[in-house]
Structure formats: C-alpha cells, structure tokens
Amino acid sequence: MGDNAMLELTRIIQNAALETSPEDQVQVIVDAISDLIAVDVCSLYRQSSNQDMVLIASHGLVAPEKVVIPAGQGLVGRVVKMRHSVNIKEPTQQPDFYYVPNSQEELFHSFCGVPLVYHGGIIGALVVQSRRAELLSAEQEALLTTLAAHLALLILALPEPKLPNAPRNQRYFGISGAPGLAIGKVHLLDDDGLSTVRESACKNPANELKEWQTLKQATLEDLEQEREAVQASLGDSLAAVLDAYKMLLEDPSFTDRITCEIEAGKALPWAMRQAVKFFSDQFKAMDDPYLKARHEDIEQLGDKLYRIWRGQHLNLLPSPDKGPLILMGHHVSVSDIVSLPSEQLGAIVCFAGAALSHIAVFANALGIPAVMGVGELSVKDGDYLIVDGDHARVTLKPTKAVLKEYRKILKARQGFDRELLAESAKPAVTLDGVEVAVMANSGLQADIMPGIRNGADGVGLYRTEIPFMVRESLPSEDEQTAVYRKVVEAYGDKPVYFRTLDIGSDKQLPYLPHFDEENPALGLRGVRFTLDNLQLLMNQYRAILRAAGCGEQVHLLLPMVSSTHELDACIDLLEEVIEQLNEEGISVCRPKLGVMVEVPGAISLLPFWKEKIDFISVGTNDLSQYLLAVDRNNPEVSKYYDSLHPAVLHELVRIIDITKRCDLPVSICGEMASDPVSVIMLLGMGIRKLSMSSAKLPRIKWLIRNLSMAEMEKVLQAALCVDNAGAIRELGELALRELGVEYDK
Ligand code: PEP
Ligand code: MG
C-alpha cells in the first residue's frame, strides 16, 4: 500500500462513483476496503435518530437479520463515545463487547472502528474485523480514517435507516425557502417521473416523431393555461418562470436530441429522458449556483411531458377533510403548486433544491412556508408533518401530544396575526413616544400589495435584480419603467428606495456572460458589475427616473460600493442620464442618492462622501458576511454566521456614530431588521428606520409599540460588554420575557 495509498483511495472512490445508487456505492466501498486492508469484515454503521447504530452495508459479516446496536453499547458505541479510532485485539474479551446474535463474531480476533463525522457530530462508524489477532498498522488505521471522511458524505445521501419502531417526532433540517409555520398531511408528488423510464425501442420512428410533435403542442398549450393562472394570482414576473419552460421546450436543440434518439430506434419516453438528462447535466456542471439550480426547470419540464404523455394530467388530490397539504417531493414544480387550490396549500418541502430555486421565490410570494434540501425522508401520503420555514425544520410523524402543542402555537399565531393585521396601519411608536419608520423589502409584483396591507411606511429596499432574474432575457427600458412605475404608484406619496442591479456572486443572470471567479462574493458584483456593464446601469437609471418623474418619493440606492472612484463614476453616469432625458424632453429630477453600507471598507469613507450622498442603508446580510469571513450561502459554515456577533454590533455603533456626525440619515435593510432581539439592539443604537420582508411587518410594528427606548438602550449597553453572539441573544430574549413581550407565539 504505502505510497500508493492515495492512489488506492482515489480508485475506490472513483469505482464507487460509477454506481448510480448510494446504496451500491457504499457496498462497493466496504468490499474494496476489506480487500485493500486484507481484513475479513468491513462494516458500515449509520446512527439513527434515536442514536442506535444500524448496519447499512457489510462485507463478510453474517447478518441473518437487521443488525442494530443499541445506543452507547458495544465497541461501536465506544467508538462513538471516544470520537476517535478504537484499534484492539481480542474484542470478544472486552467488557463492553456486544454480541450480535448469530453473527459468528467470536471468530474475529481483532477490531478497528473509526467514527464517521459530519458538521462536528457523529453520524456513523466504519468497522473492520479480522480472524488474525493483529492490530491494524498505523498506516492502515490512517487510511481507514481517510475513507471514513469520504463515507460520511456518501451516507448522508442515503435514506434514514428504517427501524422496526421508528421514533416519532424526528426532526430534519434543510435550508429555509420561505418563512412561516404549517401543520398538514403529506402529499407526496408522483415519483414516477421521467427519470424512472427504462430504455425501450420503437417500431415505427415516423409515428413516434409525429407523437412527439403532438405532445409538444399539448404541453405548450398546458403551459400557457398555467401561465394565465399564475399571472392572474401572482403577476407577470412569476408567470415568466413558465415562459422559461416554454422556451426550453421550443428550443430546436431539445427537439433535435429527441429526434436523434427516435431515429436511432428508441421510444419517445426514453428519447425524452435522454434529452432532459443531457441538458440537465449541462446545468448541473456549472459552477454558478443560480445556473446550477436551473437544472430543476428542465427536469420539471421533463416530468410534465411524461405526465401528459401518459395521458394523466396533474393529480388533484382527493382531500375530503380539506385540511392543509404539504407538497413534498424531490423537486416541486410550478405546475404542482398551480394544480392545488391555494387555500389547501399548507407548505412545500423539497428533498433536494436550493434557496435560490424558483419554488422558494413562489413560496415567498404566496406567503407559505418552504424548506428545501432536507434530503430523502421516509414518509407516505397522509402522514402528518410540521413545517417550520423560519428554522428550516420539518418534524416527521409527530406524536399526538406534539401535534396538539403545535396546533395550539399555530392557532395562537394565526389569531395573533389577525389581531396584528387589524392594527398594522397604526404607526410603530415606542412606549416612550419614539416613532420608527418600518418599511418593506420588495422585488416582485406579487409582494407589492402584501407590503401595503401589512402597513409598510414605504419600500425601504426594492431589489431590482429579482425582476431581472425570473426572466430569460434583459428587460427593455420600457418594461423596466412599467415595473418601477407600478411600485411607485402603489405606494403613492410614501418613499421607495430602488437599488440598482445587485448582480454577481449568488445572483447571476443566466442570459448574460459570466466569468468563473475563485471567490465570487469578493468578485464582480453590485456596482462593480454594473460599472463594467454600464449600458445596463444607464438603462436602469433611465427607467427609474422615468418612473419617478419629479416625485420626491423615489430614492436611488447603490449596492456594494467600496471606493470613492465607484461612487463618483455612478454619480457621473446619473448626471449624464438626467441631462439626456431632459434633452429628450422627458422631464425628470435628480432623486435622492444613497449607498448600501455592506462592504466594511465603505464605513471609513462615509465622512468623505457626506456631500455626495443623501443617505445610507446598511445591508447587514453582507456586512456580517464580510466582517465575519463567513459565506452567507454556504451551509458548511452557516453556524458561524450570526449578525449578533459582537464585531457586527460594535461596527454598527461606529456607523451610526459617523452618520450622526455627518448628518446622514441611516436605515437597516438586512435580515436583522426583522429579528426581534436585533431590533432591540438597533433601536437602542439610534436606528429609526427599518426595512424587512412584508410578512414580518405587523409583528415588528407590534413589537416596537410594546418596547421603550430607555429599556432598549439599557439592553444594548449590556450587550456591548459581551463577547459572543449566543450570550447577546440571551440578553435580548431575557429582556423580551421580562417585558412580557412574548414574541415567538
Ligand atoms: C444585505 O446585504 O443586507 C442586503 C439587504 O442586500 P442583499 O441581501 O440583497 O444582498
Ligand atoms: Mg447585500
């Protein structure tokens, strides 16, 4: 082995990768390990949710029935407890040896087990056993540990081991797609998608090609009907997602692939499967997370084609009790959502999927909770499920007691939300008379009205990139003007802050060229991107100014500014656009101009910029990411991302101090603005303007009406003396409890 260990390891992992299912992959690995280390047994255990260790693959162990080692027991339990390898001779003589009945383990005279660790927690163990009474060499033990690190990632893709008495109330975590709490019955989406189709031949290719044309036409008509339904309920920008499906379907290269397969003698379903796989693989291979997420669109289109081919249109659910349903599946498609009466749609849970998927955008617009990427869960239609979109958590098979408790919480929340909604028009004034402007973050036509209904004092952040992202090509100046005008008109004399395109990093436009960057969050994004593509900025300025006319309420906000040079260049272009429009006879005025403070480097420059800008808005999402060196979209490091980190709080105090000296109005538009504990800290610092997603407005307005500024200043002072985010949150939560503000109903 020796120098070849690395090579061997690569070979094992590569061979395993040739297998299509994770089950087969782990079997290939355990077989290969026993061969490589020359042992008689190699077994892989996975920890179940009740901590038992379940054997999921083995080479050489005689296991007449399912092997489950109870939590904390046996040598496997010792490996879990020690959290490092256990390499011993004569295992059966160990006091903690656990004999698996009928396994013939008495034949083995050595044991070496290493833990499988993921995100700092034990998830399984890899064990080798040998008939020889010999310890593994240090080199073999190290190789086993290396293989265990790879296996830890592989077994995460396997379904949870099924236990005879599966525990109730199991919790699974994913990525939050949309906030909110829901309880409902699972509706598993049809798993007989296009990917299950097997290879088959056709007798008459000419007929098959004709059938393809008919199917394509029927699917296009179906998509058009869905488009109309979505447009009526959610507006143009979301209906554009269905245009994306249509464009894929109308793309000649898609039909070319199918034709090729059919002409080679394959049946239509197989031809479609091959075409979808080809394009989906192309998207998956892209580095860019937005484009990567687009493989879902092509796969969902494939499933739709297959469903229509089978003559089986969307399965509207038999649901006699009309209770809420939790749509659940590998990928949930727009068609799945549209097929369900909206009052029955309780939540969406995707086994796969990312926060950037279109479904998350839809769920937000519809105001229903969504959790993405929870992994394969063993559930069946009709099982009860609790979905908590705020904490990206689902609870499976809740017991009656837990269900009762959550129903109570949900009922209280709904009742409370109704009360809050009734008073959402009231201003947010603290108990000691300080008024706070509470505005909405927006970016979709579908969230204009919820903002107004929920009592927004204006739009504090309009993310203009969202209407660009849900399209297939750049919107024209006129199209943009129409979108912006709708927002301005809807909000009347209330202020609207339009942020210029914040493209780059995790937000890419699929139809523009983009460059592979080693560190995209530190790369070409925000104004860096728009200054490099200044035609986009000019176009957008023109559209915003035309929508604004000479109204006082429109504000312009520049994202990711980090140098005076960038700010000056943005101002020069703005002045040029004003001149151009006035020369064209379109009367416009210079709107108030501000910068997002989200790059730490911008903070020290604020005093230099005070004559050039009219206000600032602090983007605490990015500011925290850059201050803490934690990628806000990387689940591997999400536990390190916390905007209540002392460094963020102290930096915010510094920003507010500078703005006071420079007489610059300041607002907060990151997620912190809607987190109750953070609100205490921010108001305590002197912030008087917050902007957040519209769903959160009524609660935060109510919270502010129940707090006193004097109290918040006191809590902040205590928080500024603490060195970690957890303790700061505790201080805030304690204050909320003592004030009797039971926020998290
Ligand atoms: C922020 O960074 O805090 C912010 C509001 O901008 P975005 O989340 O769109 O990057
Ligand atoms: Mg930002």
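Start by selecting Ile12, which is buried at a relative accessible area of 1% (buried means under 20%, exposed over 50%, partly exposed in between, with a 1.4 Å probe and protein chains only). Before you click on, know that this is a predicted model, where local features need pLDDT of at least 70, side-chain atom pairs count only at pLDDT 80 or more, and totals for chains, interfaces and linings use all residues. Residues are numbered from 1 along each chain as its sequence is written, chains are lettered from A and ligands numbered from 1 in the order in which they are written, and side-chain values use heavy atoms, with hydrogens and water left out.

**Stop 1: around Ile12**

Color helix H1, residues 5–18, and you'll find Ile12 in it (helices, H or I, have at least four residues and strands, E, at least two; both are DSSP runs numbered from the N terminus). Now show Ile29, Ala32, Leu36 and Leu147: Ile12 is in contact with them, leaving aside its neighbours within four places in sequence (contact means heavy atoms within 4.5 Å).

**Stop 2: ligand 1**

Next, select ligand 1 and the 14 residues surrounding it, the closest being Arg463, Arg499, Gly619, Asn621 and Arg632 (near means a heavy atom within 4 Å). Which element gives the most to this shell? Helix H22 does, with three residues; H22 (620–628) and strand E17 (459–463) each supply at least two.

- The side chain of Arg463 puts an N or O atom 2.8 Å from a ligand oxygen.
- Thr620 has a backbone N or O atom at 3.1 Å from one.
- Asn621 brings a polar backbone atom to 2.7 Å.

**Stop 3: the magnesium ion**

Last, select ligand 2, the magnesium ion: its protein donors are Glu598 (OE) and Asp622 (OD), 2.0 to 2.2 Å away (donors are N, O and S atoms within 2.8 Å of the metal, or 3.2 Å for Na, K and Ca; water is not among the atoms, so sites may look incomplete). The pair sits 24 residues apart, with Glu598 in the loop between strand E20 (592–597) and helix H20 (600–603), and Asp622 in helix H22. Are these two buried or exposed? Glu598 counts as buried because its relative accessibility is 2%, and Asp622 is buried at 2% too.

Methods
A polar contact is a pair of N or O atoms within 3.5 Å; within protein, one must be able to donate a hydrogen and the other to accept it, and residues adjacent in sequence count only if both atoms are side-chain atoms.
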